[in-house]
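Please open the model in your viewer and keep the selection tool at hand.

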Amino acid sequence: MAPDWFPTAVAVLVVLALLAPVFGWAAGQVGYAEPLENAAEATGATDDAEPVEVAPFSGYGVPGLGTAPGTFVSAVVGTGLTLVVALGIGRLLGSDTDVEATETDAAR
């Protein structure tokens, strides 16, 4: 059985994923750049850098989709993967007392 907080967490993640294209658009409007890119430019590290395009969602988009749909798809996939990994780690690190406490609370 899922913990009490799980539906709320999923709802928040869905809302954030739906808003991802808005955040992407707003970042473009204000000229936002990644802090690591800013630091690389400030230190001159970009002069010797070679671009590597091995990211599954390079530029937070999906090739063939527009900007907003690509941002949305990458947000949904990234959020889903993060949720699955976090739940997996939580189950691996969880103890039997956590399961017993949850079952006891559910029985009440």
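What follows is a sequence of selections, each with a description of what is there.

This is a predicted model, in which local features need pLDDT of at least 70 and side-chain atom pairs count only at pLDDT 80 or more, while totals for chains, interfaces and linings use all residues. Residues are numbered from 1 along each chain as its sequence is written, and side-chain values use heavy atoms, with hydrogens and water left out.

Of the 108 residues, 7% count as buried, meaning under 20% relative accessible area with a 1.4 Å probe and protein chains only (over 50% is exposed, and in between is partly exposed). Among contacts (heavy atoms within 4.5 Å) with a separation of 6 or more, 53% are between residues 24 or more positions apart.

Next, select helix H1 (residues 6-30) together with helix H3 (residues 67-93), whose axes come within 7 Å and cross at roughly 155 degrees; the axes are lines fitted to C-alpha atoms, for helices over the stretch in contact, and angles run from 0 to 180 degrees between N-to-C directions. H1 and H3 are therefore roughly antiparallel to each other, a term for angles over 145 degrees. Now show side chains: on H1, the contact is made by Phe6, Val10, Leu13, Ala17, Leu18, Ala20 and Pro21, and on H3 by Ala68, Thr71, Phe72, Ala75, Val76, Thr79, Leu83 and Leu87.

Stay on H3 and centre on Thr71, which lies in this helix and, at 14% relative accessibility, counts as buried. Which residues does Thr71 touch, if those up to four places away in sequence are not counted? Its partners are Ala20, Pro21, Tyr60 and Gly61.

From there, select Ser74, also found in helix H3 and buried, with a relative accessible area of 10%. The side chain of Ser74 reaches the backbone oxygen of Thr71 at 3.0 Å, a polar contact being a pair of N or O atoms within 3.5 Å; within protein, one must be able to donate a hydrogen and the other to accept it, and residues adjacent in sequence count only if both atoms are side-chain atoms.

Finally, move to helix H2 (residues 35-43), where the number of buried residues is zero out of nine, so H2 lies largely in the open. Gly44 follows H2 and has a positive phi, near 80 degrees.

Key
Helix = DSSP H or I, 4+ residues; strand = E, 2+ residues; numbered from the N terminus. Parallel < 35°, antiparallel > 145°, perpendicular 65-115°, else oblique.
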